Amino acid sequence: MTSSTPGLSVSSVAHGQETIKVGSQLLEWIPSDIIQIVPSSTYVVITDSNIFKLFGDKFVSAFSKEVANLQGKSNLIVKVLEPGEPTKCREVKAQIEDWMINNGCNRDTCVVALGGGVIGDLSGFVASTFMRGVPVIQIPTTLLAMVDSSIGGKTGVDTDVAKNLVGSFHHPKVIYIDTSLLSTLPKREFSNGMAEVIKTAAIRDAELFSILENNTDRILDERNQDLLQKVILRTGGIKAHVVSLDEREGGLRSILNFGHTIGHAIEAIVTPEMLHGECVSIGMVLETQLAYKMGLLENPAAIGRLIRSVRTVLPSLTAISCLSSYKLPLHLPKFLTAEDLFAKMTLDKKNLGKKIRTTILLNIGKVVENPVAVDNEKLRQVLMPHISVIPTVINGEISVPGSKSISNRVLPICGLGEGPCRVRGLLQADDTRVMLDSLKEFGIQFHWEDDGTTLVIAESQEKGIKKFSPPSKPLFLGNAGTASRFLTTLVTMIEGGTSTLTGSQRLKERPIRDLTDALLKKGCHIKFTEKEGFFPIKVHGEGLPGGVIDLSSNVSSQYVSSILLSAPYAKSPVELRLHGGQVSRPFIDMTTALMSQFGISVETPDENTFRVPLGRYQNPPVFTIESDASSASYPLALAAITGGEVTVHNIGSASIQGDAKFYTVLEAMGCTATQTATSTTVKGPANGKLRAVSVNMDFMTDTFMTICAVAAVAEGTTVITGIANQRVKECNRILAMVTELAKLGVVARELEDGLEVDGVAGDISKLHGGNIECYLDHRIAMSFAVLGTRVPGIVILDKECVDKTYPEFWMDLESKFGVKLEVPELKSQSLTSKAASAVRNVVTTLSEAVGLNPHGSAEPSVVLVGMRGSGKSTMGAALARGLGWPFVDLDNEFVAFTGQPIQGFVTEHGWSVFRQKEEECLRSVLSLHPTGTVISTGGGIVETPSAKKFLANYHGLVLQISRDTDDVMALLESDQTRAKLGEAPLDIWKRRSPLYHECSKLQFHVKKMENQWSKAEGELIDFVQRWDLRFKNVLMGGRNLGLKEVVDVSSLESSFFLSLTVGNVDTLEGVFTRISADVQAIELRVDLLDNTDAEYLAQQVALLRRYSPLPIIWTLRTQPQGGKFTGKPEEYFRLNELGLRLGCEFIDVEACHSLDHTTKFLNKLASTRSKAIISYHDFDSPTSTQNFQRMLQSCLRYVSLGHVIKLVGMARNHQDCYVLFTFLERVKTGNVLKGKPIIAICAGSAGRLTRVTNLTMTPVTHPELPVPAAPGQLSAAEILSTRMTLGFDGAAASVFYLFGSPISASLSPLLHNTGFRALNLDARYSYELFDTTNITNVVSKLREKGTAGGSVTIPHKQSIIPYLDHVTESAKAVGAVNTVTKTEDGRLVGDNTDWVAIDTLLRRRYVPLHGEERKLTSLVVGAGGTSNAAVYALVKGGHQVFIYNRTLKAAQLLAARKFWGNRSRFPGVTVLEDISEFSKKLEGRKLDVVIATVPPAANFTLPHDLIHDRIITIELVYNPRDTPLLQQVRAAGAAAGVVEGLEILFEQGLAQFQLFTKRKAPRSEIGEAFLSHRGANDLKLLLN
Ligand SMILES: NC(=O)c1ccc[n+]([C@@H]2O[C@H](COP(=O)([O-])OP(=O)(O)OC[C@H]3O[C@@H](n4cnc5c(N)ncnc54)[C@H](O)[C@@H]3O)[C@@H](O)[C@H]2O)c1
């Protein structure tokens, strides 16, 4: 003991190599002590700004004084660093070292670390290497640092790859632990340190563990200094001792790693969202379960101790645990997958080879002293969310968890009662935990015994209600229904102050009025502090007046029990009278039965009156809580279904629970059953033959699912009724059972108040395995586990949901009944299987949904929903045509289905019958057309909950067609033909809007005041098809060049996106083509739009789709990230979900939101085709590598779910750009990005250089936009030209060639070279002729390094095909390649742009002539090579094609090519034998298009009757320009529709240019050159 200052008490302890000085309020004393112990010329204090703010002044001024006293012999310097883990890095270490050198530090320096583990580790490492090592003093300020990081001499810094990878051992001279510093430590940080304390106690010190268990409040809430010092010293002592025995982690030290094998793996993924201690807490729980599973845990009760349970048999794994009472988490976050964790664990440094090792807990205070190799299968079982039971016969006996209803009644009774009581079998669950916490707040003393399995209510001086005192703070009751109700009456009796009861939002929404009204009428003082009749309430306790209490009782039996339980302590005897409807009698009976067991008999003169005498509950010395009857149903059913014998203890004929009679149903099914007062035994029929039963289960509704499981194998159909309330439990349990049973081949049907199940009479071969969805319902999991003991292959997908009432369920199966559990690989269900339609959460990608799925299986039908009048039928029919599928309109089907028109049907039967029939009709249509059909539904289909659910669960695509409200209203008002709904259309609209959202995955919005319907139809087809094609690695033809077809994000090198900064996209109509010329995507800055109303946003997206084919990046930038959005996180993600629905190709997801929200959103995104840009913007912090590291770290949490990472900082000077470059260099050398591209720039004009160097998806502006999206943003043209000037865009110059012969007259060099010049690409590319007839020359030239690709013409267009690495679908269809490009890895890709030119020009001519596009009747003349391109272009556009050729055979061969698709999909390709008969064949229709592909010498002209003034004539011959056909049509007045061969040549060249450069071709520049060269200036129309 040392105490140099009066009034200070400092204990000095030597632990191993460490001297630890412990006390309180030491800060001003420490400097003098340091100076004594370590005389130095310079003291270097290192701290972080949080700590400096709190204690800096005090500490530094005391230190300065001491140093001043040394009269110049010594010096003090202070370094204040940024708080947080990123500070613990090599860069900051170097900064500190430079700063120390500049301040004249030498070998005689002493480093003083004042801070948490970050400061301690970093400062220790600095000290260990500075001048080959100077002394370090640790003054830990966090609990973690006090008990862990400051002790043991481990120092170090993090690298990008992992934490603590670089470091050394360097013991501190002294560790000063001042527990008063902990008073400012945030709660979460405190708990973080407690994880370490609990861990240390668990591995080495059982006594310490008991102290922790029994003093939560003093340690956690009070931060009692004496107790803390004791706990810290003991914990630190153990660490120091273990370390001193094993300095370098050879063996023993590894015991300190308990909980860390799994904990570290979790941490590696969830940092910084979760803290180290939180991860280790979960790690400890899981590693202990693992030890149990591996059969190594000596005392299974240790699990309960660690996780403190109050169960008698096998202690539970959740709820009231030592860990959770220190507010530490116990369960893996749901989004973590076992695979992710496995991958991380194999990296753990202490593993030998690939084997995972871990520290095994044997009992509290005891571990195996060396790491043990893990049984990977067992580890998987612990980590995986799913589980499967291996069938076996079940025999044995068991006690299941206590009844919740009894537990929660016994607790207040015992609290009020006289004498101590040992309560056994108490259920631990949320409700009981809340009740216990509340009792503690009231001052009721209790503790745990028998390894935490017995709750001991202590003897007390005070008696009865006097034991209770008003709580010092509001009692937070979570969502605990029973606790909140029972306590409401109780607190009216607690005199001497006010009690406040509050809870979660959900609790605040649950009414309490009937109960409070009854109490208020009696004169109790209750105030509602938020909303009348709801929690929170403030109760001034003045005792409960007795006499008659009138209670309106049609709501909850819990109100009745609440008054009854407290009544014996009222001021005079209570007569409780119930008024009104029914209450659940069994629960009231349970209350009175329990009261009588504790000595108070309630008289019930009639069924609505209860007379309660005054008295005191008498606590028996031991009270054993009955097993929960519903939980008992599972082991009993196990005996029944497997033909074994099972006894359940603590539940028998003396039970006060209604469902203790469950065994009678099993008896009726053929089992033998016996019951004693306290046990129940069931024996399954020896021959395994169970019989079906018809049973009303209204008195034991919770166990109906257990019976369903047994019924599945019984003989006959079991009918269960009386359970209608089960539709509104954790889920709709009746529907859930029917759905999940179906997955195993069990046929079950819903009834109005129950269900029926067809049993297979013991013939298990009729059933099969399947993945069972649990809907977060514990009873589904346990019932299917019962069935799993007979039927192999049943996989329960969410094993943890049993925690709600029976956390040890799986362990009990193993340990009590010897059941083997396994974790099979999950097989995805067949999506076409009937049952699968109900599978929730199975990620159905839209590619599977929309069809064309890669495995060639049938494509599920697409269902359209939407408001009437939104255009579902029209659009649906168009979509069907586009996909080549049949179309079914449900309204028409309905007529066929019912034999009655809708109007008439509604008039006769009313709307509700109609809705029912409509749903039947939908189900029947989908079962008749499960695949390959577009189905449009009626607007009201979503009104029926079951129909809505059916659609929401449909595994194919449900697509909402939406349209502007005003447009729809106008239409509906003008349309009198539809059935009247008797409600204003606008009201219907508002009600249904969210319903459509709930049941559909995607939304296609029709633009406001749409008048170009064929365009909208085309966009819809494109929208749906793109969900398939967009991200497949297909290189499309030259159209729509952009990210859409450039497919996967890894090929986004050198791309730009345009940030739109307008309030309304409509204002850009005229300029859109110009402003988007150089970019590959458009960013819609949703936060900058005039309005974030869903419809407005849908309209904006619709406009963008109309203006540009480029993919859309949906960005909602929040204010802290530099945007305008100020809504709540929920709103942020809700709006982003809209972006997903609207099919935006990219969604910007800010990494600054909570892990939970963000992961949920990204998981949703993962089931769509959209890609996520994970972004972090920080315009405020100073630019530093640490800051970029911090930003990156936030993003990296989502690296596996995201697709692109985006970091934007702020440059204040040019130097800042280099900070970013250095940072990026480092990032790119590691593999932290997992191959995902990164956008990293600095905003601000000083940061422009970073925009020039950033190659992937650089955000750009355009001079014609009102403002740039960020300061310093450049246009794409500016960036490109700067790159050109600086010469770093692209590597060596490369050449494109024209391959063919003869080619000297070709215009291609002129075309391409002009384009290169116009785009400033001429330094990089050139285009030259390569005249050869030898194909091998062509190929070897193409393969040369300096060749970028080329154009291919006669004679190589076909012969080159076999030499290429990839040929696009369109080139295959056309049968010729005219363009070859090279991929980055040098592969040659063949494409064809001839058809693109035909297609483009056809549209360009047709629309001005006809107003809009439609399906055309067309004629192709000729059957040679180029005719293929013509037919392909027409077929692709969905047009009808006739072919005419002099030689009939050639035409027939052309028509028969498989590339034109099957006839059911396309209007077809027909051969004309005789062109003069053609007009007859057209039956009055006009010929819309003729495409001539024959040489001029053929002298082809059209029969005159086919020509009209709007016919489009496309001539492919360009030399000579004027052909007989063109002369003919021009003379006939049809010049407006002429497309010359030269135009085709030009257009295909432009498309080729785009393929070559991935840039939009400069049409006018190339056109000018082209036309003037050809002397064809009359063709000026080419230029726009
Ligand atoms: N060397 C070892 O043996 C060892 C052991 C365990 C952990 N560590 C390391 O320790 C680090 C984590 O340490 P930590 O949990 O102390 O984190 P920390 O140092 O980041 O501190 C946590 C936060 O609490 C603040 N803070 C510190 N003391 C405070 C106080 N008294 N009042 C208010 N705020 C206070 C800090 O500014 C910081 O924001 C990690 O880097 C980890 O790797 C090292």
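Eight strands build an open sheet, ordered S48-S47-S46-S45-S44-S43-S42-S49, with parallel pairing. Strands here are DSSP runs of E with at least two residues, helices are runs of H or I with at least four, and both are numbered from the N terminus. Two strands pair if DSSP finds at least two bridges between them. This is a predicted model: local features need pLDDT of at least 70, side-chain atom pairs count only at pLDDT 80 or more, and totals for chains, interfaces and linings use all residues. Residues are numbered from 1 along each chain as its sequence is written, and side-chain values use heavy atoms, without hydrogens and water.

S48 (1238–1243) and S49 (1258–1260) are the edge strands, each pairing on one side only. Neighbouring strands are turned by 25° against each other on average, direction ignored. S42 (residues 1056–1060) pairs with S49 in the parallel sense over three bridges. Phe 1057 stands opposite Pro 1259 in S49.

Two helices pack on the sheet, as tabulated. Contact means heavy atoms within 4.5 Å. Angles run from 0 to 180 degrees between N-to-C directions; axes are lines fitted to C-alpha atoms, for helices over the stretch in contact.

| H40 (residues 1094–1107) | S42, S43, S44 | about 155° with S44 |

Elsewhere, H31 (residues 890–898) packs with H33 (residues 911–928) at about 100°, axes 10 Å apart. That makes H31 roughly perpendicular to H33 (65 to 115 degrees). The contact includes Phe 894 and Phe 897 of H31 and Phe 914 and Leu 922 of H33.

Note on methods:
Parallel < 35°, antiparallel > 145°, perpendicular 65-115°, else oblique.
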